[in-house]
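Open the structure in a viewer with side chains shown. Each stop below says what to select and what is found there.

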Amino acid sequence: NAERARLLEEEWKDQYRTVDDLRPQIFKGLSTHDAGIVNSIEFKVIGGKSQGDQFIPPAATMDDGQRIVIIGQGFIRLLSLFIEEEVYALKFNKATEVDQHISLVLKRMNENIVRQKAGRPLLFVESARTYFHWNTETLKTVTDASDNLLNVNLAFILAHEAGHHVLGHTLLDPKTLTKQQRFIQEEAADEWAANTLIRSGQLPI
């Protein structure tokens, strides 16, 4: 409906701003070679009114010679949801209840992946905020801690995907790679991301 579309659009714009704000904090002190490649990358948050509910995982891609890093609005929302769940479980001793809710979320998420592929409307995934009926104090306690953790996680994800470009992985056809070769690429991108975040004073996780 119109209200849902408006909320998706606002969330998408907020996420875009978050990604844009994180980039200069992440990519500091790079070599001339690496900085040149990172600066050429277009970072996209896929979402908005039409795609905000879709689960699109992070990826490093090439489009007609343009280096691109994509991350889906639905992916960021799900990541935020899980972080809030874990913070709530730790701070309020709600591990059992949170585990039960996460099981429900994962079931709904798997259903939505099938629906997305079939072009069917996606099901609503209820956040811990509404499921557990958090009051204002609980909401503030959880969000104060989880917002920082979300940024830390996003920073690593963005650095990891940028690392695939810097290391030349996106110049290869993934269909020609073995499972072992793809695993080696992922490990190399993880290492590049961790070193990049440490160099810029960020916490790599």
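Select Arg 108 and Glu 111: they sit 3 residues apart in helix α4, which means that about one helical turn separates them. Helices here are DSSP runs of H or I with at least four residues, strands are runs of E with at least two, and both are numbered from the N terminus. The model is predicted, so local features need pLDDT of at least 70 and side-chain atom pairs pLDDT 80 or more, while totals for chains, interfaces and linings use all residues. Residues are numbered from 1 along each chain as its sequence is written, and side-chain values use heavy atoms, without hydrogens and water.

Arg 108 and Glu 111 form a salt bridge, with 3.6 Å between the closest N and O atoms. The term stands for a side-chain nitrogen of Lys or Arg within 4 Å of a carboxyl oxygen of Asp or Glu. Arg 108 has a relative accessible area of 30% and is partly exposed; Glu 111, at 31%, is partly exposed too. On this scale buried is under 20% relative accessible area, exposed is over 50%, and partly exposed lies in between (1.4 Å probe, protein chains only).

The structure holds 7 salt bridges. For another, select Arg 6 and Glu 10, whose closest N and O atoms are 2.5 Å apart. Both lie in helix α1, 4 residues apart, about one turn of the helix.

Next, select Arg 77 and Glu 11, a salt bridge with its closest N and O atoms 2.7 Å apart. Arg 77 belongs to helix α3 and Glu 11 to helix α1, so this pair ties together parts 66 residues apart in sequence. Arg 77 is partly exposed at 24%, and Glu 11 is partly exposed at 24%.

The largest pocket holds about 1,000 Å³ of space. Of its 35 lining residues, Glu 11, Gln 15, Arg 77, Leu 78 and Ser 80 are the closest to its centre. A pocket is, on a 1 Å grid over the protein atoms alone, an open set of points where a 1.4 Å probe fits, with protein on both sides within 12 Å along at least five of seven lines; lining residues have an atom within 4 Å of a point. Volume is the space filled by probe spheres set on the points, which are joined across faces, edges and corners.

The second largest pocket has about 220 Å³ of space. Select Ala 60, His 169, Thr 170, Pro 174 and Gln 185, which lie nearest its centre among 13 lining residues. Two or more lining residues come from each of β2 (59–63), α6 and α7 (179–199).

Now turn to the rings. There are 7 aromatic pairs (Phe, Tyr or Trp rings, the six-membered one for Trp, with centres within 6.5 Å; planes under 30 degrees apart are stacked, over 60 edge-to-face, the rest tilted). Select Tyr 88 and Phe 92: their ring centres are 5.4 Å apart and their planes meet at 40°, so the pair is tilted. Tyr 88 is buried at 8%, whereas Phe 92 is partly exposed at 30%. Tyr 131 and Phe 132 make an edge-to-face pair, 4.9 Å between centres and 90° between planes. Finally, select Tyr 88, Phe 92, Tyr 131, Phe 132 and Trp 134 together: ring pairs link them into a cluster.
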